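Colleague: Thanks for making time for this one. Could we go through the labels and ask what stands behind each of them?

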Amino acid sequence: MFEEEEKITKSFVLAAFGWAIFGMLVGLLAAVQLYLPQLNFANEYINFGKIRPIHTNAVIFGMVCNFLIGLSLYVLCKSSSVNLTYLGLVKVLFWGWQLVLVLGVVTLSMGYTSTKEYAEMEWPLDIAIVVLWLIFGFVFFSTLARRKVQHIFVSNWFSGAVIIVIALIFVVNNLAMPLYPFKSYSIFSGVSDSLVQWWWGHNAVGFLLTAVFVGTNYYFIPKVVDRPIYSYRLSLITFWGLIGFYTWAGTHHLVYTSVPSWIQNIGVVMSLLLWLPSWAGAFNAWMTAISNREARKTNPIVWFFMSSIVYYALATFEGPLMAIRWFNQIAHNSSWVIGHVHSGALGWVGMTVIATLYYLIPKLYNRPLYSYTLVKVHFVLAHLGVLFYIVSLWIGGIGQGSMWLSLTDYGTLAYSFSQVLDFIHPYMLGRALGGGFYVLGMFLMAYNLFMTVRVRTKLTEQKA
């Protein structure tokens, strides 16, 4: 019934995995350069200023968006007992999205950038992304309208919300006056530009890097453990809480700036309120994951899901914590923030993607997973990677922030900029080692999944 849909899902999830490895390799190169800057080899195309946005865009638009599109359409069809509408448009969406990503990597490496966080690609590519996103939304909602069951499954709530919110904030944030091909200027300036940028930036995290994976968990964790979602009511609290609070929280990035205090305070209050829906979602997913005692003891895919939930709870504790003014003045602009982002990106997002692909790819190819032993080794490497990464940056970041705030008896800065760099330098090694462990685990996963697919192909050829 869903043969074409499963082919489409294969394309998107394999693309997501490919972009994940590419993006993480570029991120590892950036981390190594922070410890050994000479490793940019004075090459203009691989200096930190260029590879950093390539890393973030490859992960967000490459890994996450391919994952979102492929999995949301898969879950929609399976949970609604309906085939996708307009399969031809979905194929256009797939190839168009990959083309935009490749052009994004090329143009960013050439120095064409809007300079906006998580929105560095220039205006022609922005227009292409909007057109492709509208195609995605059209296919999703037209398919949803034709569903053969009355109830809309909870994962589809999150996917629909992501489509609507991301379309709105991406368009508004990227409004610009083109000067010539691949160069434009934002229509916003000053404080207004900052407000719009972090309205986009924080909600890109809130929806692309949070709501997407909450929805994924609500479908795939019950599948893996063969148990229903623990609580429907908690899923309601999570959904409406994220919708209601997350969209207001972006101004916590602008505490102690020239943004009016009342706007800063809205961001602080909404960030604190986010604890409730975030931990409600984490608790709901956790109780679902542990509901099958045998699976949680023996299945390493379940371990990855459980770990992702723990890191989600951790990241959504850190976010509101950093919004509180007394902590913000220490942590803001320090390496602690990078540690926080990657506890979410590597721990929450990364491990959810890993767990989902370990479950789904063998299912799509109708083969058992090649090696669960390799999954266990990957589990260890992934956790070593995350812990080296975030603990190094937590410790280094607090020291860094404290040094910036230290004053002499005469009211002058106690430490120079170079002294702070000297202090943080050893912690950059820990960051790079963590990234190395994590990327090594991804290559191990690639081998495991390749062998899974390859064995199936050989058996098929023998039968033929």
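Modeller: Gladly, and let me begin with a cut-off: buried means under 20% relative accessible area, exposed means over 50%, and partly exposed lies in between. This is a predicted model, with a mean pLDDT of 94 and 98% of the residues at 70 or more.

Colleague: Then why is Thr-352 called buried?

Modeller: Its relative accessible area is 0%, which falls under the 20% limit, so Thr-352 is buried. Thr-352 sits in helix α13, residues 335-364. Leaving out residues up to four places away in sequence, Thr-352 touches Phe-213, Thr-216, Asn-217, Phe-305 and Ser-308.

Colleague: What makes Lys-50 and Glu-44 a salt bridge?

Modeller: The rule asks for a side-chain nitrogen of Lys or Arg within 4 Å of a carboxyl oxygen of Asp or Glu. For Lys-50 and Glu-44 the closest N and O atoms are 3.8 Å apart, so the pair meets the rule. In general, side chains of opposite charge can pair when their charged atoms come close.

Colleague: Are those two partners buried or exposed, or in between?

Modeller: Lys-50 has 14% relative accessibility and therefore counts as buried, while Glu-44, at 46%, counts as partly exposed.

Colleague: How many salt bridges does the rule give?

Modeller: The count is five. Another of them joins Arg-52 to Glu-117, with the closest N and O atoms 2.9 Å apart. That pair links distant parts of the chain: Arg-52 belongs to helix α2 (residues 48-80), Glu-117 to the loop between α3 (87-109) and α4 (123-145), and they are 65 residues apart. Arg-52 is partly exposed at 25%, and Glu-117 is partly exposed at 21%.

Colleague: What about Asp-193 and Lys-116?

Modeller: Their closest N and O atoms are 3.1 Å apart, within the 4 Å limit, so this pair is a salt bridge. Asp-193 lies in helix α6 (residues 190-225) and Lys-116 in the loop between α3 and α4, so the pair ties together parts that are 77 residues apart in sequence. Asp-193 counts as partly exposed at 22%, whereas Lys-116 is buried at 8%.

Colleague: Why is Glu-5 called buried?

Modeller: Glu-5 has a relative accessible area of 5%, under the 20% limit, so the label buried applies. Glu-5 lies in helix α1, residues 3-35. Leaving aside neighbours within four places in sequence, Glu-5 is in contact with Cys-77, Asn-83, Leu-84 and Leu-87.

Colleague: What does the side chain of Glu-5 reach?

Modeller: The backbone nitrogen of Leu-84, at 2.9 Å. The limit for a polar contact is 3.5 Å, so that distance falls within it.

Colleague: Which residues touch the most other members of the largest nonpolar core?

Modeller: Trp-97 and Trp-133, out of 131 residues in that core. Helix α2 supplies the largest share, 18 residues. Beyond its neighbours within four places in sequence, Trp-133 has contacts that include Cys-65, Leu-68, Trp-97, Val-162 and Leu-208.

Colleague: And what makes Phe-41 and Asn-333 exposed?

Modeller: Phe-41 has a relative accessible area of 61% and Asn-333 has 59%; the cut-off is over 50%, so both labels hold. Phe-41 is in the loop between α1 and α2, and has a positive phi of about 55 degrees although it is not a glycine. Asn-333 is in the loop between α12 (325-331) and α13, with a positive phi near 70 degrees.

Colleague: Where is the mean pLDDT of an element lowest?

Modeller: In helix α15 (residues 417-463), at 87, while α4 has the highest at 98. Over residues 458-464 the pLDDT is below 50, and this stretch has one contact in the model beyond near neighbours in sequence.

Conventions: Residues are numbered from 1 along each chain as its sequence is written. This is a predicted model: local features need pLDDT of at least 70, side-chain atom pairs count only at pLDDT 80 or more; totals for chains, interfaces and linings use all residues. Side-chain values use heavy atoms; hydrogens and water are left out. Buried means under 20% relative accessible area, exposed over 50%, partly exposed in between (1.4 Å probe, protein chains only). Helices (H or I, at least four residues) and strands (E, at least two) are DSSP runs, numbered from the N terminus. Contact means heavy atoms within 4.5 Å. pLDDT is the predictor's confidence in each residue, from 0 to 100. A nonpolar core is a set of buried Ala, Val, Leu, Ile, Met, Phe, Trp, Tyr and Cys residues joined through side-chain atoms within 4.5 Å. A polar contact is a pair of N or O atoms within 3.5 Å; within protein, one must be able to donate a hydrogen and the other to accept it, and residues adjacent in sequence count only if both atoms are side-chain atoms.
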